[in-house]
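Q: Please walk me through this model, feature by feature. How do I read each one?

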Amino acid sequence: MKRIRKAVLPVAGLGTRFLPATKSIPKEMLTVVDRPVIQHVVDEAKEAGIEHFIFVTGRNKGVIEDHFDIAFELDRTLHERGKLKEYEALKADLPAAGQTSFTRQQSPLGLGHAVWCAREIVGDEPFAVILPDMLSRGSMTQMLAAYERHGGNIIAVEEVPPEQTHQYGIVAIGEDFGQTFEITAMVEKPPQGTSPSNLIISGRYILQPEIFGVLSAHETGAGGEIQLTDAMKRLAGEQSFFGMRYDGRTYDTGTKIGFLMANVAYALQRDDLSAAFRAELEILLGR
């Protein structure tokens, strides 16, 4: 069983839900506390053991590539001013040379198409897909543990109230192993009252390279786009899929409420901020 070394991060989206903030700044570069969303995601993957980050970009996303490169003028200024702590922090955030790749998705044809654009860089090995909007600290570590247990294809899932299941992709539960289970079906946004479970697909995947063959057909689904969920459903006829119940909470930074909650949650977890921030929140809430 080949280990997971590479992760595909689709970052070509326009971020229209955050206009005008995203008119000139990619949504992935909006900050949660003092780090861009995309840096949080890379941190999570690096901590789990991912070695190669493949960014599927679009127009006006060059700043993401710049973020993961050396900023010579900034580094020199920090040195000259004796701000070595800040310099070392920036240096620690950088992936090593050769650990990042960038490929272009010229047209917004869906998540499945974005993943397919990375096929030549991924090659013939299993890989992770990480949706950069979704912040879920520790999720990839749990995903890789599930992969070591089962192999095959793994999808991270999370519980939502039954009345919200019509808003998400939902999985059906087969043989249950505790934190993990066999997936017997995937349904995209089922009508209320018809959902096979309340477990949503939450933005983290481990997929076998055969998914590229399925995606190569370029079959369109909902919204006229090439949907990753449709390709996974077809691949599930030939390979095993397992769900991994994420032990934690995912924050969807692609929504305003999710973005705000991520800032609150991550600030409260910072030793240098939590006490003062909590006090300010209590004043704001009139407690």
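A: Begin with the naming: helices (H or I, at least four residues) and strands (E, at least two) are DSSP runs, numbered from the N terminus. Residues are numbered from 1 along each chain as its sequence is written. The model is predicted, so local features need pLDDT of at least 70, side-chain atom pairs count only at pLDDT 80 or more, totals for chains, interfaces and linings use all residues, and side-chain values use heavy atoms, with hydrogens and water left out.

Q: Which residues does a cis peptide bond join?

A: Leucine 19 and proline 20, with omega about 5°. Proline 20 sits in the loop between strand E1 (6-10) and strand E2 (31-32).

Q: Where is valine 33 placed, and what is its phi?

A: Valine 33 is in the loop between E2 and E3. Its phi is near 60°, a positive value in a residue other than glycine.

Q: How do I describe two packed helices?

A: By the angle between their axes and the distance between the axes. Axes are lines fitted to C-alpha atoms, for helices over the stretch in contact, and angles run from 0 to 180 degrees between N-to-C directions. Under 35 degrees counts as roughly parallel, over 145 as roughly antiparallel, 65 to 115 as roughly perpendicular, and the rest as oblique. Take helix H3 (residues 72-80) and helix H4 (residues 84-93): their axes come within 8 Å and cross at roughly 150°. H3 and H4 are therefore roughly antiparallel.

Q: Which residues make the contact of H3 and H4?

A: Contact means heavy atoms within 4.5 Å. H3 gives Leu74, Asp75, Leu78 and His79; H4 gives Leu84, Glu86, Tyr87 and Leu90. By class, this contact of H3 with H4 has 5 nonpolar, 1 polar and 2 charged residues. For the classes, Ala, Val, Leu, Ile, Met, Phe, Trp, Tyr, Cys and Pro count as nonpolar, Asp, Glu, Lys and Arg as charged, and the others, Gly among them, as polar.

Q: At what angle do helix H10 and helix H11 cross?

A: The axes of H10 (residues 256-268) and H11 (residues 274-284) cross at roughly 135° and come within 8 Å. That makes H10 oblique to H11. Val264, Ala267 and Leu268 in H10 meet Ser274, Phe277, Arg278 and Leu281 in H11.

Q: How many aromatic pairs does the structure hold?

A: Rings of Phe, Tyr and Trp (its six-membered ring) pair if their centres lie within 6.5 Å; planes under 30 degrees apart count as stacked, over 60 as edge-to-face and the rest as tilted. The structure holds 6 such pairs. In one, phenylalanine 127 and phenylalanine 212 have ring centres 5.0 Å apart and planes at 5°, so the pair is stacked. Phenylalanine 127 lies in strand E6 (residues 127-130) and phenylalanine 212 in helix H8 (residues 211-215), so the pair ties together parts 85 residues apart in sequence.

Q: What space lies in the second largest pocket?

A: On a 1 Å grid over the protein atoms alone, a pocket is an open set of points with protein on both sides within 12 Å along at least five of seven lines; lining residues have an atom within 4 Å of a point. Grid points are joined across faces, edges and corners, and a volume is the space filled by probe spheres set on the points. The second largest pocket holds about 810 Å³. Its lining has 31 residues, of which Arg35, Gln39, Asp43, Leu90 and Asp93 lie nearest its centre. The largest share, 5 residues, comes from H1. By class, the lining has 13 nonpolar, 5 polar and 13 charged residues.

Conventions. On a 1 Å grid over the protein atoms alone, a cavity is a set of points where a 1.4 Å probe fits but cannot get out, and a pocket is an open set with protein on both sides within 12 Å along at least five of seven lines; lining residues have an atom within 4 Å of a point.
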